[in-house]
Amino acid sequence: MTKKIFKSIMVVAGAVLIASLVIIVGCLYRYFSDVQGRQLEDELSLAVAAVEKEGRNYLEELQSNQYRLTWVAENGEVLYDTQFDEESMENHADREEIQEALRDKEGKSSRYSTTFLEKTIYCARRLNDGSVLRISVSSVTIWVLVLGMIQPILIVVVVTLILSGVLASHISKHIMEPLNSLDLEKPLENNTYEELAPLLDRINKQHRQIDMQLSELQRKNDEFTQITHGMTEGLVLLNEKNRILNINPAALNLFHTGHSCKGKDFLTVERNYEVSRAIQDAFSSGHSEIRMEREGKEYQLHINRIESNGSVIGAVVLAFDITEAAFAERNRREFTANVSHELKTPLQSIMGSAELMENGLVKPEDMTRFVGHIRTEAGRLVTLIDDIIRLSQLDERCDMPFENIDLYETASDVIAGLADIAAAKDIEVILTGGTVSVKSVRRLLTEIIFNLCDNAIKYNKNGGTVEVSIGRQEGDAVIAVKDSGIGIPPEHQARIFERFYRVDKSRSRESGGTGLGLSIVKHAVQYLNGKIDLQSSPGQGTIIQISFQEDKNDVVRTS
């Protein structure tokens with residue numbers, strides 16, 4: 001605004017200066033031309049009087065470098081010229097001033113040089129004898145006058161422009177000072193130009209509207225922030241240029257970034273090509289989904305395009321943690337496949353033996369062996385079905401009776417039942433500790449101890465040992481089963497409690513296990529609100545410790 005006012009003042013000053021110079025120069029030129037014309041007429045009057053009296057003698061005696069006198073006869077013949085030889089001069093009958101003088105007694109004219117820088121003024125008068133006396137003088141044109149005055153004109157122009165610039169700067173600042181000092185936060189409290197009153201009133205109304213809109217926007221933003229910050233799902237808002245507008249804490253943790261990522265391209269936060277392609281697909285088609293793994297967890301990303309007034313303004317990315325669902329789905333598929341396989345194996349063996357017996361292909365002396373084989377496979381089938389039913393009951397958390405149970409006595413009974421299996425492999429089973437009573441489910445505790453000891457015997461070395469200890473640690477009832485067996489590799493330790501999972505499948509088949517023992521242990525311990533701790537090294541044996549917290553199981557100790 002200041003520059004515009006300054007330029008406007010300078011343009012007006014320049015226009016006024018140019019107009020003034022044109023008028024002044026024009027007036028001066030006209031004034032001097034009129035003075036010169038009158039002087040020329042006076043000189044001609046004197047010359048006419050002298051020629052009328054003395055004739056040619058006056059002209060011959062006249063000496064003047066400024067004025068030129070030419071005496072022309074009535075027929076246009078030059079009788080005498082003060083500067084040129086009359087004999088060499090052409091007839092002047094066609095000259096404008098000569099014709100006017102012959103006709104009207106007096107005549108005037110002016111002619112410019114070829115360069116237009118010089119003008120000759122002619123003034124003629126008819127004498128009594130009919131001849132004409134003409135006087136002429138050379139005069140500069142207005143352009144020569146301007147060129148002659150160029151230096152003072154330039155000085156005037158420069159001084160005028162400097163003064164105009166100073167005054168324009170001062171005036172523009174003086175005009176803008178009240179405008180620059182306006183308090184737009186309180187527009188009605190300004191004391192300035194009256195012409196600004198409608199504008200300030202309008203600004204005040206807009207302020208009130210903006211304040212209301214900002215208040216409403218802030219309220220909605222607070223609600224949005226509280227909702228998104230409390231979400232367990234990751235949420236990212238992107239604009240149409242794929243830049244992050246908002247991101248909640250869950251998404252910050254998922255993509256390992258901080259709040260400084262706002263305003264940056266999402267590609268700088270997540271460089272996964274598949275995710276970037278899914279976002280582009282959402283921008284083009286409206287919706288896309290993709291799964292990704294991050295630090296052992298599985299996430300489902302739903303990306304939806306955001307539109308407003310028919311144009312795309314951004315996209316929203318929602319990340320759901322589907323680790324448990326994916327794990328459950330994978331377990332369900334594996335469990336179904338494993339159950340089918342585990343049930344099919346003994347059934348095929350039973351059907352094969354029965355078919356041989358039915359067709360009379362079994363010798364009488366082998367009949368006992370085939371019947372025993374059928375009985376063994378049927379028992380294995382019944383055990384498998386019992387284990388599956390037991391796991392189903394634990395999954396559904398069916399109500400089971402709680403009672404006070406002596407852990408040491410229960411462990412002793414289990415070890416006694418496994419004596420024959422241990423003796424077959426020359427394995428010594430040792431029970432240590434003392435009496436510890438807990439309020440629990442007898443059947444579940446028996447199955448926990450049985451499965452732990454059974455595994456410790458099956459996967460032990462011939463002549464090895466299994467130590468079962470009952471006791472307390474920091475107030476918790478503890479059952480620990482330690483063996484000197486083959487151990488469990490680290491990469492398998494996280495999965496050995498899964499259903500039908502086997503570290504060495506061939507060895508498990510030989511031992512006759514169903515693959516559900518440790519899974520039953522895990523679910524039984526969860527049912528009883530216990531905790532499992534596993535320590536194992538290949539070739540060094542395994543220690544599995546089960547602990548039950550006193551405040552959750554009403555643990556009591558008796559001596």
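Predicted model: local features only at pLDDT ≥ 70, side-chain atom pairs only at ≥ 80, totals over all residues.
Residues are numbered from 1 along each chain as its sequence is written, and side-chain values use heavy atoms, with hydrogens and water left out.

**View 1. The whole protein.** The protein has 17 helices and 17 strands. Helices (H or I, at least four residues) and strands (E, at least two) are DSSP runs, numbered from the N terminus. Of the 559 residues, 36% count as buried. Buried means under 20% relative accessible area, exposed over 50%, and partly exposed in between (1.4 Å probe, protein chains only). Among contacts between residues at least 6 apart in sequence, 55% join residues at least 24 apart. Contact means heavy atoms within 4.5 Å.

View 2. Strand S6 (residues 234-239) pairs with strand S7 (residues 244-247) in the antiparallel sense, over 3 bridges. Two strands pair if DSSP finds at least two bridges between them. Leucine 238 stands opposite isoleucine 244 in S7. The hairpin has 4 residues between the strands.

View 3. Asparagine 242 is found in the loop between S6 and S7, and takes a positive phi near 70°. Is this residue buried or exposed? Asparagine 242 counts as buried, because its relative accessibility is 12%. Its side chain makes a polar contact with the side chain of aspartate 265, at 3.2 Å. A polar contact is a pair of N or O atoms within 3.5 Å; within protein, one must be able to donate a hydrogen and the other to accept it, and residues adjacent in sequence count only if both atoms are side-chain atoms. Leaving aside neighbours within four places in sequence, asparagine 242 is in contact with residues including Phe266, Leu267, Ile279 and Phe283.

**View 4. Two further positive phi values.** Glutamate 474 is not a glycine, yet has a positive phi of about 55°. Glutamate 474 sits in the loop between strand S14 (465-473) and strand S15 (476-483). Its relative accessible area is 84%, so glutamate 474 is exposed. Asparagine 529 has a positive phi near 60°. Asparagine 529 lies in the loop between helix H16 (517-527) and strand S16 (530-537). At 40% relative accessibility, asparagine 529 counts as partly exposed.

**View 5. The largest nonpolar core.** Which members of this 39-residue core touch the most other members? They are Leu407, Ile448, Leu452, Val468, Leu528 and Ile546. A nonpolar core is a set of buried Ala, Val, Leu, Ile, Met, Phe, Trp, Tyr and Cys residues joined through side-chain atoms within 4.5 Å. Elements giving two or more residues to this core include helix H11 (407-417), helix H13 (442-458) and strand S17 (541-548). H13 gives the largest share, 8 residues. Not counting residues up to four places away in sequence, leucine 407 touches Val436, Val438, Leu445, Ile449, Ile470, Ala477 and Ile479.

**View 6. The second core.** A separate core of 24 residues includes Leu238, Leu254, Ile303 and Ala315.

View 7. Cysteine 261 is buried, with a relative accessible area of 1%. Cysteine 27 counts as partly exposed, at 48%. A search of the whole structure finds 0 disulfides, a disulfide being a pair of cysteine sulfur atoms within 2.5 Å.
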